[in-house]
Amino acid sequence: MIDFLNLKAINAQYKDELKEACARVIDSGRYLLGDELDAFESEFAAFCGAKHAIGVANGLDALVLVLRAWKELGRLCDGDEVIVPANTYIASILAITANGLKPVLVEPDPKTYNLSVTGVKSVLTSRTKAILPVHLYGLIAPMPEIMALAKESNILVLEDAAQAHGASISGRRSGSWGDAAGFSFYPGKNLGALGDAGAVVSNNDELVDTVRALRNYGSVVKYENRYQGVNSRLDEIQAAMLRIKLRYLDNETQQRRLVAARYFQEITNPHVQLPERANSEEHVFHLFVVRSKNRSALQDHLYSHGVQSLIHYPVPPHKQVAYSAWNHFSLPITERIHQEVLSLPLSPVMEADEVSEVISVVNRYSELVA
Ligand SMILES: *Cc1c(COP(=O)(O)O)cnc(C)c1O
């Protein structure tokens, strides 16, 4: 079976370095908020081309804490509207509702799966206080246009960059466009820890200070609490693992792009719709998502020929039980995406013959088999 993503093989590439770093942390006696985290925060900020990064416990917390900080700073109030793509992963929406803010779900561009400025404009009102673009599947959203609109309307922008470490437009990377960004280092993400981890990235000192306090019980000085904060720290062992993997991230992204380039070139099955081909630096191919009118037949065909595939995502947020008040919403573009998308195996450790095998199996799929 060709795995969708072989995490063991990805981390095995750096096994000796990872073990050595782990031992270094064990021997240091310092396990939280120490030198490894400080170093990772500056290295990751530099990677993004931003002033600051703040490590937190996971990607969801990164998004939650930015919105929470803007509330503490008086930039957002209960009930303010936040525009978000309707086809995003649930975490983007959870971060909004967890803060008592109102998500305004907007249909994505059906070609890129990302927010379009036209879409944002169609739901922009005087109650809109923030936009939450998601760089879905590794493709950066149209940030120059979104930032121009946000500036003109005096609203905040929080990038959900959980799937797009290093994706860029005109050399400017995800995380450096918005007023702030949330990153995830969930093991399966392009930069993955060996457990949970995340980061907030921003150029804004005031926001950064507030998030730094919020992640550590709302405390700036130990035992003095300015905010009713949370415990959401990125621990020293994960920071040490991430520092090592960050050094190889650009190389891994290149490997991902090579696999994607072969899929674009060699998948020729008219029943399988390929993703939009972006400019070379815009996409970091967290996922390679194709579409099929008869997805389950395609997925069964792949599986029975030894190729694992996954669905990102089977149920849109507005159809979830957790958001039953929205279940009646009609978002046809989003609903169709969720019915048709299928993610093919793609990883920096795929061998050329595995890529060939996936291509051959996809090309042999026939709707008649269905
Ligand atoms: C993974 C992901 C998150 C959440 O990250 P966690 O680290 O799992 O909490 C948020 N948004 C998107 C788009 C993601 O893919």
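Tutor: Gladly! Let's begin with Thr210, which, apart from neighbours within four places in sequence, is in contact with Ala69, Glu72, Leu73 and Tyr227. Keep in mind throughout that this is a predicted model.

Student: Where is Thr210 found, and is Thr210 buried or exposed?

Tutor: Thr210 is found in helix H8. Residues under 20% relative accessible area count as buried, and Thr210, at 3%, is therefore buried.

Student: What does the side chain of Thr210 reach?

Tutor: That side chain reaches the backbone oxygen of Glu206, at 2.8 Å.

Student: Now helix pairs. At what angle do the axes of helix H4 and helix H5 cross?

Tutor: Look at how close the axes come and at the angle between them. For H4 (residues 59-72) and H5 (residues 90-97), the axes come within 8 Å and cross at roughly 30°. Angles under 35 degrees count as roughly parallel, so H4 and H5 are roughly parallel to each other. Their crossing is right-handed.

Student: Which residues of H4 and H5 meet?

Tutor: From H4 come Leu60, Leu63, Val64 and Leu67, and they meet Ala91, Ser92, Leu94, Ala95 and Ile96 of H5. By type, the residues of this contact between H4 and H5 are eight nonpolar, one polar and no charged.

Student: How far apart are the axes of H10 and H13?

Tutor: The axes of H10 (residues 249-266) and H13 (residues 352-363) are 10 Å apart, and the helices pack at an angle of about 30°. H10 and H13 are therefore roughly parallel to each other. H10 passes H13 in a right-handed crossing. On the H10 side, the contact is made by Val259, Arg262, Tyr263 and Glu266, while H13 provides Ala352, Val355, Ser356, Val358, Ile359 and Asn363. The residues of the contact of H10 with H13 divide into six nonpolar, two polar and two charged.

Student: How should I look at a polar side chain? In which strand is Glu81 found, and is Glu81 buried or exposed?

Tutor: Start with its accessibility, then look for its partners. Glu81 is found in strand S2 (residues 81-85) and is buried, at 5% relative accessibility. Its side chain makes a polar contact of 2.9 Å with the side chain of Arg127, and another polar contact, of 3.3 Å, joins the side chains of Glu81 and Thr125. Beyond four places in sequence, the residues that Glu81 touches include Lys102, Val104 and Ala130.

Student: Let me try Ser343. With which side chain does the side chain of Ser343 make a polar contact?

Tutor: With that of His312, at 2.7 Å. Ser343 lies in strand S13 and is buried, with a relative accessible area of 1%.

Student: Against what do the buried residues of H12 pack?

Tutor: They pack against strand S12 (288-291), H11 and strand S13 (341-344). The buried residues of H12 are Thr334, Glu335, Ile337, His338 and Glu340.

Student: And the backbone? What should I expect of phi and of peptide bonds?

Tutor: Most residues other than glycine have a negative phi, and most peptide bonds are trans. Here, a cis peptide bond joins His312 and Tyr313, with omega about 15°. Tyr313 sits in the loop between helix H11 (295-304) and helix H12 (332-340).

Student: Which phi does Asn154 have, and where is Asn154 found?

Tutor: Asn154 has a positive phi of about 55°, although it is not a glycine. Asn154 is in the loop between helix H7 (143-153) and strand S5 (156-160), and is exposed, with a relative accessible area of 64%. Tyr217 is not a glycine either, and has a positive phi of about 65°. Its place is in the loop between helix H8 (205-214) and strand S10 (219-221), where Tyr217 counts as partly exposed at 42% relative accessibility.

Technical notes. Residues numbered from 1 in each chain as written. Predicted model: local features only at pLDDT ≥ 70, side-chain atom pairs only at ≥ 80, totals over all residues. Heavy atoms only, no water. Helix = DSSP H or I, 4+ residues; strand = E, 2+ residues; numbered from the N terminus. Buried < 20%, exposed > 50% of the residue type's maximum accessible area, 1.4 Å probe, protein only. Axes fitted to C-alpha atoms, helices over the stretch in contact; angles between N-to-C directions. Parallel < 35°, antiparallel > 145°, perpendicular 65-115°, else oblique. Left-handed = near helix turned anticlockwise from the far one by under 90°. Contact = heavy atoms within 4.5 Å. Nonpolar A, V, L, I, M, F, W, Y, C, P; charged D, E, K, R; others polar. Polar contact = N/O pair within 3.5 Å; in protein donor to acceptor, adjacent residues only side chain to side chain.
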